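Okay, thanks for coming, everyone.

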Amino acid sequence: MKKAAVAPAATFVIFGAMGDLARRLLMPAIVNLQAAGLLDAKTDFIGVSHGEGSDDALRDALGKFVDGADWRKIAKRIRYMQGEFEDDALYKELAGKIGGNVVFYLAVAPNFFGPIVESIGKAGLFDEKDGFRRVVIEKPFGTDLKSAQELNKRILACAGEDQVYRIDHFLGKETVQNILVTRFGNALTEAVWNNRYVDHVQITAAETVSVGTRGSFYDATGALRDMVPNHLFQLLSLVGMEPPASFDAEAVRSEKAKVVAAVRPVEPDEAVRGRYVAGKAGDEKVPDYLKTQDVSPKSRTETYVAMKVAVETWRWHGVPFYLRTGKALAARDTEIVIRFRDAPLMLFHGTPTDALPPNQLVLQLQPNEGIALALAVKQPGPLVEAVPAELHFDYSERFKLGHRTGYETLLYDVLIGDQTLFQRADQIEGGWRAVQPLLDAWKKGQPEAYKAGSDGPEAADALIARDGRTWHPIG
Ligand code: BG6
């Protein structure tokens, strides 16, 4: 295996450094990078926040989920800076503290994305005369097509696309990246990866967790905005893209953008929205969504969504992609199922089983990463009877995975300037364009109820049953 090189030294300026994201995801990933020897010893961190604070208070906050020698090395290089995100004085002061390579990391509420990027630009801090200047932007990127377009416009007026890193943490997951290798590194898979052999595709991101304490964010967002145009469309584009000419960022991103652009906007009669009512999901006793803290009793917000997506390319014409995601479901299960066409049955007529089990490839992304291929085999005995059998590959049996947040690769890539795993403006807008009819339609009406701990609303089963198909079981 090739060994990754130490990333160039840089200063991380973390906006929203006192927040949850910085301590839960960012810092553990930085410490893992340090432990792997991939961070330069001169890489340092400035945490910006509006409250009164100190270097030590920031270190305490960021140290919540990390410890050990690697964390201590990082902690020494963390400084606190107080300032209002929309105040020019902050950026003037910042200009005096930074030089060389800088990564601006926006771990802030989305309404600050535009203002912060503009202020950085106005202060001349995107100027790359003495090193690179890059900005990392978290999700949600916009709330619909129009707002995403406006945000892109604002950002790209101040920085070049090559300086903008729109993060989608799904792309940091090892097994998500493996989709490309599974597809393009194996003649066997790529040969059948088209509408001649594939009957349909299912993409599922099921969670047992409920909305919990995230009521104010979630009620304004909902399952569709939270998961579909970003995470699920990333998976769709990795499954659906044409082979890129190389693994260069632009080549990969262009192919992904093309698939998303070929998605026919999803009409409301091809989608279902659900909302959980009280039940038990995983170990959690879940109250009605409408009784969740910071959720409006009049809310229309959905906690589940399922849809049928048409990808209008030569490869996929006639092959539906069914997408679903939800909270408080029966199991945690993120997977992609490629269901192949039935084999012609003529040969098997007159045997006790005249319907063969279908071939199916399951790419399991969470919780136990792996790949399973379902085949038909002969049941031993005098009759020719076909039964399903599974070839199974489990990532953790073959590799030592350790605990990773998924952000490690992404942060490392920001430092080395590799944008492959980041969303380009057109990909983001393509995702929003595809779901815009649903955003419009769902300003009215209410989601269908489903019990917490179940597989989701009945209408989702009906949606796929209309086409004579069924969902792959969750969990
Ligand atoms: C986030 C969403 O982007 O992804 C959350 O805001 C969701 O609501 C999470 O729970 C799922 O990510 P993962 O990595 O846990 O599957």
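Let's start in a loop: between which two strands is the place of D294? D294 is in the loop between β10 (284-286) and β11 (304-310).

Before I go on, a word on the model. This is a predicted model, where local features need pLDDT of at least 70 and side-chain atom pairs count only at pLDDT 80 or more, while totals for chains, interfaces and linings use all residues. Residues are numbered from 1 along each chain as its sequence is written, and side-chain values use heavy atoms, with hydrogens and water left out.

Back to D294, then. Its phi is positive, about 65 degrees, although D294 is not a glycine. D294 counts as partly exposed because its relative accessibility is 48%. On that scale, buried means under 20% relative accessible area, exposed means over 50%, and partly exposed is in between, using a 1.4 Å probe and protein chains only.

A328 also has a positive phi without being a glycine, near 50 degrees. You'll find A328 in the loop between β12 (320-326) and β13 (333-340). Is A328 buried or exposed? With a relative accessible area of 0%, A328 is buried.

Now for the ligand. Which residues sit around it? They are K139, H169, F170, K173, E207, R214, D226, H231, K327, R332 and Q366; to be on that list, a residue needs a heavy atom within 4 Å of the molecule. Sorted by class, that shell has 7 charged, 3 polar and 1 nonpolar residues. For the classes, Asp, Glu, Lys and Arg are charged, Ala, Val, Leu, Ile, Met, Phe, Trp, Tyr, Cys and Pro are nonpolar, and the others, Gly among them, are polar.

Some of those side chains make polar contacts, meaning a pair of N or O atoms within 3.5 Å; within protein, one must be able to donate a hydrogen and the other to accept it, and residues adjacent in sequence count only if both atoms are side-chain atoms. K327 puts a polar side-chain atom 2.7 Å from a ligand oxygen. For H231, an N or O atom of the side chain is 2.8 Å from an oxygen of the ligand, and for R332 that kind of distance is 3.3 Å. On its own the ligand has 400 Å² of accessible area, and the protein covers 81% of it; these areas come from the Shrake-Rupley method with a 1.4 Å probe, and for residues only the protein chains shown count as cover.

One joins K139 to P140, with omega near 0 degrees, and P140 is in the loop between β5 (133-137) and α6 (145-156). The other joins Q366 and P367, with omega about -5 degrees. P367 lies in the loop between β14 (360-366) and β15 (370-379).

Next, helix α10. Its 19 residues, 222-240, should span 27 Å at 1.5 Å a residue, and its end C-alpha atoms are 26 Å apart, which agrees. That expected span is 1.5 Å times one less than the number of residues. Where is the kink in α10? The kink lies at V228, shortly before the proline P229, and is about 50 degrees. The bend at a residue is the angle between axes fitted to the seven residues ending there and the seven starting there. Since 18 of its 19 residues are buried, α10 is largely enclosed by the rest of the structure.

Some distances through the chain, to finish. T325, in strand β12, is buried with a relative accessible area of 3%. T325 and E207 are 118 residues apart in sequence, but their C-alpha atoms are 7.7 Å apart. I155, in helix α6, is buried at 0%. From I155 to D226 there are 71 residues along the chain and 21 Å between the C-alpha atoms. Then there's E397 in helix α12 (residues 395-398), which counts as exposed at 69% relative accessibility.

Notes. Helices (H or I, at least four residues) and strands (E, at least two) are DSSP runs, numbered from the N terminus.
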